[in-house]
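Please keep the sequence and the coordinates at hand while reading.

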Amino acid sequence: MTSVKGSCLCGAIAFEMTGTPRGVTRCHCTRCRKVRGTGHAVNLFLPLDGCRYLRGQEQITQYRLPEVKYFGHWFCRVCGSSVPRLDEQRGIAIIPMGAFDDDPGVRPDRHIHVGSKADWETILDDLPQFEAGPPTL
Ligand SMILES: [Zn+2]
Ligand SMILES: [Zn+2]
């Protein structure tokens with residue numbers, strides 16, 4: 001089983017991915033833009049048991065947007081880095097691609113929530129674009 005490692009900027013939190021990714025999205029929704037402070041978030045999705053924390057889980061702050069079904073943001077309370085979110089409700093792990101230290105071996109395969117894209121953001125690749133959420137992940 002291959003292990004792809006990742007960590008937060010300060011190093012307090014570390015994780016590994018051992019499962020097979022289902023896909024990698026470039027999400028342009030306003031929530032992702034806010035919490036990541038960037039034009040879009042790049043998230044890897046995989047089954048929940050394919051990602052686990054190696055250290056620092058007690059340093060994670062879990063923010064859940066009130067009255068929204070799925071959106072949440074997990075980050076290191078020391079350095080603010082986004083870290084994997086383990087969504088037990090949906091049985092998936094969502095890993096922010098920037099948190100990887102190793103190359104996870106997969107590449108973004110789609111743009112989602114393009115209908116909410118920032119005016120200043122330009123999509124420069126030929127990946128499929130979806131106006132709203134991911135069709136099947
Ligand atoms: Zn940190
Ligand atoms: Zn998003």
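How many bridges join strand β4 to β9, and in which direction do the two run? Five bridges connect β4 (residues 41-47) with β9, and the two strands run antiparallel. Strands here are DSSP runs of E of at least two residues, and helices are runs of H or I of at least four residues, both numbered from the N terminus; two strands pair if DSSP finds at least two bridges between them. The model is a predicted one, in which local features need pLDDT of at least 70 and side-chain atom pairs count only at pLDDT 80 or more, while totals for chains, interfaces and linings use all residues. Residues are numbered from 1 along each chain as its sequence is written, and chains are lettered from A and ligands numbered from 1 in the order in which they are written.

N43 has P96 as its bridge partner in β9, whereas L86 is bridged to A93. β8 and β9 form a hairpin with four residues between them, and G91 in that turn has a positive phi of about 70°. Four of the five residues of β9 (residues 92-96) are buried, so this strand is largely enclosed by the rest of the structure. A residue is called buried if 20 or more other C-beta atoms, placed from the backbone, lie within 10 Å of its own, exposed if 12 or fewer do, and partly exposed in between.

Apart from its neighbours within four places in sequence, A93 is in contact with L46, L48, G50, C51, P84, R85, L86 and D87, where contact requires that the C-beta atoms, placed from the backbone, lie within 7 Å. G23, a residue of strand β3 (residues 23-27), is 70 residues away from A93 in sequence and 11 Å away in space, C-alpha to C-alpha. G23 is partly exposed, with 15 other C-beta atoms within 10 Å.

A93 also belongs to the largest nonpolar core, which has 18 residues and in which C51, V83, A93 and I95 touch the most other members. Such a core is a set of buried Ala, Val, Leu, Ile, Met, Phe, Trp, Tyr and Cys residues joined through C-beta atoms within 7 Å. The elements that give two or more residues to this core are β2, β4, β7 and β9. Of these, β7 (residues 72-76) is mostly covered, with four of its five residues buried. Five bridges join β7 to β6 (residues 60-64) in an antiparallel pairing, and within it R64 is bridged to G72.

Another group of strands is an open sheet, in which three strands follow the order β1-β2-β5 with antiparallel pairing. β1 (4-7) and β5 (51-55) stand at the edges with a single partner strand each, so one side of each is left without a neighbour in the sheet. Between β1 and β2 (residues 14-17) there are four bridges, and G6 stands opposite F15 in β2.

Taken as a whole, the protein chain has one helix and 10 strands, which run β-β-β-α-β-β-β-β-β-β-β from the N terminus on. Its radius of gyration is 14 Å, close to the 14 Å that the globule rule gives for 137 residues, so the chain is as compact as a globular protein of that length. The radius is taken over C-alpha atoms, and the rule is 2.2 Å times the number of residues to the power 0.38. Buried residues account for 28% of the 137 residues.

How values were computed. Contact = placed C-beta atoms within 7 Å.
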